[in-house]
Amino acid sequence: MSFLRFTFQKTQNLKYLYAIRLVRELANQLLVFFLPLYFFELRFPFMSRFNLSGLQEGIFNVALVYGLTYAVCFFLAIPTSRILTKHGLRYGFVLGHLLYCLYVLCLYFSRENPYLVLTSAVINALHINLFWNTYHFALSRFSAEGKIGSNLGIINFLLNVLSMLAPALGGLIIVTLGYETLFLLGLFIVLFGVLFSLFLDNHKVKDVVSYQEFWSWLREPGFRRLAVSFTGRYFNDASINLWTLYMFILLGSYEGVGYFYSLSLFLALLISYSAGSFIDQNKGKKQFWFSGGLLSIFWLLRGFVVNIWTVTIVNALDKLAASFHWLFFDRSWIMRGKGREALSYFVYREMIYSLAAVLFWLFVALIFYFLIAAWKSLFVAAAIGVLLTLLIKEHKEDVT
């Protein structure tokens, strides 16, 4: 049972970093997992001017909120990075968590005023830049080069455990107590992230980030290849958010979405126990390519699910392949971020991610407005996105 032992770093800073990541993911799985459903059911008064079906209006709401979030995220990426260079990592984490709290509060009060969701999108953009750029920089800086994969491995394992439990709990809370209670619980959980952030070493970041440098990096073929792989990753991640909405439309209940998503993750964890030793003994690019191919196939199969059991099976198989694929992918791009221009690298990665997001949500709005087979078109785009992630390379020499 050697594959059950984790050989990851346990330095003081990394322990707090693991705690910060897990606390945030718990809040995310309770809140963000169901947010596409929440945005889908909101009704902005100005939308009544357009002749849209209920499905189209709901999808447009989702696309508007996420598109606005990442458009703002792109333009604020560099200004917010200067907070890290001036005040350090601890300040970035604390401020990022406090912004997340403000974001949740806006969602809480948006039940009375839907336009607060648009305000929350701007606040979330600030939070995304501060939290993720700080987190990725800290993980890269505090991890030894030969231990990034194992450190990501333990984080991903614990995140999968949380992902198995939280959706079912979140669905139950929504049905029994309402969204407001879910938002308040998420707010309370995020405050623990502030506490753990205070114990981190306040590492000072020495780097200069600028729009001029960003565009110069994009002229490099190696970085453009990396940018394409990041774009593919976002198409996959955002499609997973809409997959939650698709399951809700198919199953017709919050509890059903939460329970069966959690069940699929549980099945994936059971399968992972038997597959773990094989993955440990057969590391390499072939498994990365194979798992990426499987993930693409699973996205195509999603267009043909018809009941709760096919949803559960596809989710379970997808999570099994994803556990290896995204671990390899994340290790590769984070490895390339080690060095004197680490902050620039992670900020520019977030900017590319934001541009990909704007492109994706524009695409979603268009296909649901013009196409009959919109869901299948979305799943095909997600499958292509996964294939684009196969362009990732570990080598650093082509980045800058």
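**Aromatic pairs and the core**

Author: Start with Phe379, which counts as buried because its relative accessibility is 1%. Buried means under 20% relative accessible area, exposed means over 50%, and partly exposed lies in between, with a 1.4 Å probe and protein chains only. This is a predicted model, in which local features need pLDDT of at least 70, side-chain atom pairs count only at pLDDT 80 or more, and totals for chains, interfaces and linings use all residues. Residues are numbered from 1 along each chain as its sequence is written, and side-chain values use heavy atoms, leaving out hydrogens and water.

Reader: Which ring has its centre 5.3 Å from that of Phe379?

Author: First the rule. Rings of Phe, Tyr and Trp (its six-membered ring) pair if their centres lie within 6.5 Å; planes under 30 degrees apart are stacked, over 60 edge-to-face, and the rest tilted. Here the ring is that of Tyr246, and the planes stand at 85 degrees, so the pair is edge-to-face. The partners sit in distant parts of the chain: Tyr246 is in helix α9, Phe379 in helix α14, 133 residues apart. Tyr246 is buried too, at 13% relative accessible area.

Reader: How many aromatic pairs does the rule give?

Author: The count comes to 43 aromatic pairs. One of them is Trp243 with Phe379, edge-to-face at 5.8 Å centre to centre and 75 degrees between the planes. Trp243 belongs to helix α9 (residues 221-251) and Phe379 to helix α14 (residues 374-388), 136 residues apart. Trp243 is buried, with a relative accessible area of 1%.

Reader: What sits over the ring of Trp243?

Author: A charge sits over a ring if NZ of Lys or CZ of Arg is within 6 Å of the ring centre and within 35 degrees of the ring normal. Over Trp243 it is the charged end of Arg302, 4.8 Å from the ring centre. Likewise, Arg349 lies over the face of Phe230, at 5.6 Å from the ring centre.

Reader: How do I read the helices?

Author: Helices (H or I, at least four residues) and strands (E, at least two) are DSSP runs, numbered from the N terminus. The protein has 14 helices and 0 strands. Take α13, residues 342-370. The expected span of a helix is 1.5 Å times one less than its number of residues. The 29 residues of α13 should therefore span 42 Å, and its end C-alpha atoms are 42 Å apart, which agrees.

Reader: How many residues of α13 are buried?

Author: 21 of its 29 residues are buried, so α13 is mostly covered. Now the core. A nonpolar core is a set of buried Ala, Val, Leu, Ile, Met, Phe, Trp, Tyr and Cys residues joined through side-chain atoms within 4.5 Å. The largest has 130 residues, and those with the most contacts inside it are Phe39, Leu242 and Trp361. α13 gives the most to this core, with 17 residues.

Reader: What does Trp361 touch?

Author: Contact means heavy atoms within 4.5 Å. Leaving out residues up to four places away in sequence, Trp361 touches Val62, Ala63, Tyr66, Gly67, Tyr234, Ala238 and Leu242. An aromatic cluster also includes Trp361, with Tyr38, Phe39 and Tyr66 among its members.

Reader: Where is confidence lowest, and where highest?

Author: pLDDT is the predictor's confidence in each residue, from 0 to 100. Helix α10 (residues 254-281) is lowest, at a mean of 52, and α13 is highest, at 95. Over residues 1-5 the pLDDT is below 50, and this stretch has 5 contacts beyond near neighbours in sequence. The protein's mean is 82, and 83% of its residues reach 70 or more.
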